[in-house]
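I am opening a notebook page on this structure, with the spaces inside it as my starting point. My entries follow the order in which I looked things up.

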Amino acid sequence: MTTKVDLRSDTVTQPTEGMRAAMARAPLGDDVFGDDPSVNALQDKIAAMLGFEAALFVPTGTQSNLCAILAHCQRGDEYIVGQMAHCYRWEGGGAAVFGSVQPQPLNHQPDGSLALADVEAAIKPDDAHFARTRLLALENTLGGKLLPFEYVQQATALAQKHGLGRHLDGARLFNAAVAQAVQAGSHPLAEARRIAQCFDSVSVCFSKGLGAPVGSALCGSRDFIARAHRIRKMAGGGMRQAGMLAAAASHALDHHVGRLAQDHALAQHLADGLAGIEGLQVEAPQTNMVFVDLTGAAREQSAALLKHLAGQGVQATGLYRLRFVTHLDVDTAGVDRAVAAIRQFFNARS
């Protein structure tokens with residue numbers, strides 16, 4: 001196959017022609033000196049969009065979360081976080097390694113939330129025997145699931161009651177906002193702001209569903225962003241003529257938020273196409289991710305299935321649980337091709 005259907009992640013997208021044009025014409029400066037106009041414009045734009053005083057453009061979501069945790073916490077502090085949260089499980093233990101900040105991971109509920117009773121019980125007393133609990137870190141979406149907004153309000157109010165900082169890993173915040181807007185009958189940008197305003201800091205990734213090639217932003221108060229800026233410097237995140245990348249992110253905010261609904265619809269189309277295949281348990285998608293558990297005899301066929309898919313020009317990830325992610329470089333024909341290849345493998349009729 002000459003054309004791949006890449007369902008591994010929404011990080012694999014290529015810049016659109018409009019985005020490339022925006023990058024090419026971006027005015028540039030030196031962001032380490034603070035005078036790249038395109039970076040400054042992006043920081044102002046995302047901060048205003050989400051209702052914060054300031055923002056910081058960083059190379060990656062991992063660095064954004066690291067800067068956030070270390071700006072909220074000091075050595076010997078801890079943050080409460082979910083077992084499957086990206087900033088705990090998939091970021092190399094950076095907060096502990098670089099900042100001596102201890103994570104306190106909690107088990108998730110089926111909807112991705114952390115039980116409020118578990119959060120409250122995890123908050124340590126003011127005693128020299130314990131790390132100082134300073135921060136609650138949540139993620140929205142988590143594994144493609146939208147955290148219920150009422151829960152977000154309750155959890156962040158609980159954290160505030162106990163004097164904890166509140167950080168949101170909003171790598172896919174706009175996917176969450178699009179899904180929440182459907183429930184609320186509202187606009188995605190309004191919902192993104194409503195979610196963000198429950199937190200003291202929010203990290204947003206531009207290189208996932210929004211389709212930019214590189215970059216995330218960390219939003220918060222001016223004092224908080226000043227601390228995070230210092231940490232970004234120590235982490236080697238200062239870039240020079242970064243305006244070309246910022247211009248891509250700014251273009252994505254202007255043109256790629258509303259279209260996330262198409263990715264969500266395609267994920268549902270994929271899930272519908274896989275329904276009824278023996279040995280596959282398909283989790284109903286809420287945004288742009290479809291998780292499929294292999295059960296029974298199919299459990300031993302994951303490697304062969306992925307090889308078969310690759311032979312059909314379809315890329316996916318997983319072992320006993322497969323993950324398919326839709327994005328702006330996947331269309332209906334691509335999803336139909338993936339469904340046909342999987343059904344062929346399992347000899348399942350359409």
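I looked up the largest cavity and found a volume of about 50 Å³, where a cavity is a set of points, on a 1 Å grid over the protein atoms alone, at which a 1.4 Å probe fits but cannot get out, and a volume is the space filled by probe spheres set on the points, which are joined across faces, edges and corners. I note that this is a predicted model, in which local features need pLDDT of at least 70 and side-chain atom pairs count only at pLDDT 80 or more, while totals for chains, interfaces and linings use all residues. Residues are numbered from 1 along each chain as its sequence is written, and side-chain values use heavy atoms, with hydrogens and water left out.

I listed the lining of the largest cavity (residues with an atom within 4 Å of a point), and among its members are H108, S113, L138, L147 and Y151. Strand β5 (residues 132–139) gives the largest share of this lining, three residues; strands (E, at least two residues) and helices (H or I, at least four) are DSSP runs numbered from the N terminus. By class I have seven nonpolar, four polar and one charged residue in the lining, with Ala, Val, Leu, Ile, Met, Phe, Trp, Tyr, Cys and Pro counted as nonpolar, Asp, Glu, Lys and Arg as charged, and the others, Gly among them, as polar.

I then turned to the second largest cavity, which holds about 40 Å³ of space and has R172, F174, C205 and L260 among its lining residues. Helix α8 (residues 173–184) gives the most to that lining, with three residues.

Is S113 buried or exposed? I count S113 as buried because its relative accessibility is 6%, buried being under 20%, exposed over 50% and partly exposed in between, with a 1.4 Å probe and protein chains only. S113 sits in the loop between β4 (102–106) and α6 (116–122). Beyond its neighbours within four places in sequence, S113 is in contact (heavy atoms within 4.5 Å) with N107, H108, L147 and Y151.

I looked up the largest pocket and found about 820 Å³ of space in it, a pocket being an open set of points with protein on both sides within 12 Å along at least five of seven lines. Of its 36 lining residues, M84, W90, G143, F291 and R323 lie nearest its centre, and the lining divides into nine nonpolar, 18 polar and nine charged residues.

The second largest pocket has a volume of about 300 Å³, and its lining has nine nonpolar, two polar and three charged residues.
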